[in-house]
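Biologist: I am new to this one. Could you show me how to read it, step by step?

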Amino acid sequence: MNILLGYETKELNEILNCNIDVLSMNVLDTNKENDKKLKKYLKSIFMNGLETRGYKRVKNILTNILNCNNDRVIINDIELYLHPQELVNFMRVLIEIDRKINITIRTNNELPLLVVEQSVRKGLTKANDHEITYFDVREEITLNLDSEGDITNIKDVPGGLFEEGFNLVFNIK
């Protein structure tokens, strides 16, 4: 899985524009096997089963991923309309699906990154299965995951992305 973090720079927009964005796709016809997978995935993401905006968006994204013939899909602002637990559950589903199709997500939310790190720690995926890129107004930084799921060059990322939650938790600032 590829994760794109940071500012919407010219380089990031070029990546987003030259690939398929599932949000611009229409819902495709499904087959029975994919319908079963879709229902299973939606049930694991949305515990309450309510058809919220987030539910409808995720259903559209998953339907297109399960039925597309492309080898790469980009999801921009994956966190839109999702409760944090739903976002975590959705990321876990995408990591499972990512073994079959290359999924790239663009976000400023640290939860998708934390789920990827956890999947490496638990041995569900390998560090080299993922590519994490931070886009700053000045540069592009590839973040390196080690075999334990930790980012080894976190200090290369300019302030504001990762430490905001840390500062809130520990009453810093």
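Modeller: Axes are lines fitted to C-alpha atoms, for helices over the stretch in contact, and angles run from 0 to 180 degrees between N-to-C directions. Helices are DSSP runs (H or I, at least four residues), numbered from the N terminus. This is a predicted model, where local features need pLDDT of at least 70, side-chain atom pairs count only at pLDDT 80 or more, and totals for chains, interfaces and linings use all residues. Residues are numbered from 1 along each chain as its sequence is written, and side-chain values use heavy atoms, leaving out hydrogens and water.

Biologist: At what angle do the axes of helix 2 and helix 3 cross?

Modeller: Two packed helices are described by the angle and the distance between their axes. Here, the axes of helix 2 (residues 32–45) and helix 3 come within 10 Å and cross at roughly 145°. By class, their contact (heavy atoms within 4.5 Å) has eight nonpolar, three polar and two charged residues.

Biologist: Which residues touch the most other members of the largest nonpolar core?

Modeller: In soluble globular proteins, nonpolar side chains tend to be buried together. A nonpolar core joins buried Ala, Val, Leu, Ile, Met, Phe, Trp, Tyr and Cys residues through side-chain atoms within 4.5 Å. Of 42 residues in the largest one, Leu62, Ile65, Phe90, Met91, Leu94 and Ile103 touch the most other members. Helix 4 (residues 84–97) gives the most to this core, eight residues.

Biologist: Is Asn64 buried or exposed?

Modeller: Buried means under 20% relative accessible area, exposed over 50%, partly exposed in between (1.4 Å probe, protein chains only). Asn64, in helix 3 (residues 53–67), is buried, at 0%.

Definitions and conventions:
Helices (H or I, at least four residues) and strands (E, at least two) are DSSP runs, numbered from the N terminus. Ala, Val, Leu, Ile, Met, Phe, Trp, Tyr, Cys and Pro count as nonpolar, Asp, Glu, Lys and Arg as charged, and the others, Gly among them, as polar.
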